[in-house]
Amino acid sequence: MNKTYLLEVFIEHQLQQLNRPFTYVYHGTIKPEKGIRVRAPFRQQSLIGYVTDIKSVDDFNAYQSASPYPVLAITEILDEKPILSIELLSLVDTLAAQQFSSKIALLQAMLPPSLFPSKQSLRSPKIAYEEWLTIIKQPDLSTLNAYQKNWWISIKDLSKVRLHD
């Protein structure tokens, strides 16, 4: 079932230091989390932004009609898991107040250069995730073929195995 969320997003713009979040709507089955990257429309461009706050909305149409400006929808969630932890987002707030720095500049400083917006990263800004299988119990060897038995012998002493392997 699709839910509706309002996302507060700091947009990375190459020419402007946008030191405030913009509100976007997300209708989807995936529950967004603070600290993920999203692709969002901004002034006829598709830019990357960082979600810093999330609110669930029951009646988006009522919210939209009460809003003085149109709330645009994000076009894509880029990360499966947050790349900025709650602690880092809190640190951004603290440092911005103490150092008089823009929040977007601090967010950018916390990330590796490969995640900065550029024409190349806008095409495919993905993070590689590894999935692991945990071995719970030994299988019945009589039900396995020769290939499966050899595979089991090679991994049986491990506590977990990469799904790719």
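User: Which residue is the bridge partner of R39 in β4?

Analyst: In this predicted model, R39 has I48 of β4 as its bridge partner.

User: What makes β3 and strand β4 (residues 45-57) a pair?

Analyst: Pairing calls for at least two bridges between two strands, and β3 and β4 are joined by six bridges, running in the antiparallel sense, so by that definition they count as paired. In the hairpin that these strands form, two residues lie between them, and R43 takes a positive phi near 50°.

User: Why is strand β3 (residues 37-42) described as largely enclosed?

Analyst: A residue is called buried when its relative accessible area is under 20%, and because five of the six residues of β3 are buried, the strand is largely enclosed by the rest of the structure.

User: Why is P139 called partly exposed?

Analyst: Its relative accessibility is 29%, which falls between the limit of under 20% for buried and that of over 50% for exposed, so the name partly exposed applies. P139 sits in the loop between β6 (132-134) and α5 (146-155).

User: Which residues is P139 in contact with, leaving aside its neighbours within four places in sequence?

Analyst: P139 is in contact with L144 and W152. From C-alpha to C-alpha, P139 and W152 are 8.5 Å apart, while in sequence they are 13 residues apart.

Conventions
Residues are numbered from 1 along each chain as its sequence is written. This is a predicted model: local features need pLDDT of at least 70, side-chain atom pairs count only at pLDDT 80 or more; totals for chains, interfaces and linings use all residues. Side-chain values use heavy atoms; hydrogens and water are left out. Buried means under 20% relative accessible area, exposed over 50%, partly exposed in between (1.4 Å probe, protein chains only). Helices (H or I, at least four residues) and strands (E, at least two) are DSSP runs, numbered from the N terminus. Contact means heavy atoms within 4.5 Å.
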